[in-house]
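Look at the model below with its open spaces in mind. The text that follows walks through two of them in turn.

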Amino acid sequence: MADSTAHSPPAMDRRVQRLACRVSTALAAAATLLLVYLFLHTSTSCFPASHSLALTLSPSHSPRTSCDAASRRVLSPDRRLAKLRSSSLWRRRSASLATYVFPPLRGLRLLAGSSRVLCLAAGAGNAVDALNAAGVREVTGIDLVDFPPLVRRADPHRLPFHDGAFDLVFSDDPAVFSVALFPSRLAAEAERAVQIGGAIVLAVDRQLDPAAVAALFKRSRVVDTLDITLDGSQVL
């Protein structure tokens with residue numbers, strides 16, 4: 001009887017340890033399942049399955065997730081383009097291009113309806129849209145950030161087009177050279193992408209020396225310069 005009493009506490013300790021181990025395992029499994037659920041729930045909260053669930057900002061409720069805090073109505077590319085076309089800034093730029101830029105290019109026989117045009121630093125695609133409206137059927141807009149449906153992503157320092165792929169390389173962004181990492185490389189790529197006898201038309205900020213910009217183009221000569229206003233900014 002004395003021996004049984006002596007061995008009872010260690011046996012009890014082992015049972016307690018086994019019970020504690022089982023409880024810990026169960027808690028760990030439950031925590032893992034909870035984390036998986038939270039992960040899956042959070043990853044889909046920004047994209048509701050039903051389009052009828054509109055995402056709107058509500059100042060009366062505190063956001064539950066970062067997705068709620070930054071929620072906004074997502075427009076399709078076509079609806080976004082329609083919204084841009086209705087803006088006064090877009091209409092002014094399109095009117096300036098159609099009135100002051102495209103007619104002289106047609107007069108020099110550098111632009112026609114059949115021209116293959118590449119728009120550099122196209123942004124949201126204002127120039128691409130204006131060229132399409134002017135009857136130019138084949139226009140490609142590129143920028144470092146794509147903006148469907150008019151602009152695709154591409155690096156102007158390494159254009160993904162074969163030699164002589166375009167009749168005209170065009171940019172209405174006056175900052176295309178002032179912010180370029182490698183202006184000489186950008187100029188060389190523009191010359192490579194345009195066919196022999198084609199043209200490169202650039203808007204240049206008046207604070208830049210046009211002669212210095214022209215010197216970047218080793219295989220081209222200046223045909224003409226125009227002093228015009230685009231959205232209130234004087235450019236050459």
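How much space lies in the largest pocket? In this predicted model, the largest pocket holds about 1000 Å³ of space. Its lining is made up of 38 residues, and those closest to the centre of the pocket are Ile-200, Val-201, Leu-202, Val-223 and Asp-224.

Several elements take part in this lining. At least two residues each come from helix H4 (88-107), strand S4 (166-171), strand S5 (194-202), helix H7 (210-214) and strand S6 (228-230). Strand S5 gives the largest share, with nine residues. By class, the lining of the largest pocket consists of 27 nonpolar, six polar and five charged residues.

The second largest pocket comes next, with a volume of about 490 Å³. Which residues are the closest to its centre? They are Ala-121, Ala-122, Gly-123, Asp-143 and Asp-173, out of the 27 residues that line the second largest pocket.

Sorted by class, the lining of the second largest pocket contains 18 nonpolar, four polar and five charged residues.

Terms used: Residues are numbered from 1 along each chain as its sequence is written. This is a predicted model: local features need pLDDT of at least 70, side-chain atom pairs count only at pLDDT 80 or more; totals for chains, interfaces and linings use all residues. Side-chain values use heavy atoms; hydrogens and water are left out. On a 1 Å grid over the protein atoms alone, a cavity is a set of points where a 1.4 Å probe fits but cannot get out, and a pocket is an open set with protein on both sides within 12 Å along at least five of seven lines; lining residues have an atom within 4 Å of a point. Grid points are joined across faces, edges and corners, and a volume is the space filled by probe spheres set on the points. Helices (H or I, at least four residues) and strands (E, at least two) are DSSP runs, numbered from the N terminus. Ala, Val, Leu, Ile, Met, Phe, Trp, Tyr, Cys and Pro count as nonpolar, Asp, Glu, Lys and Arg as charged, and the others, Gly among them, as polar.
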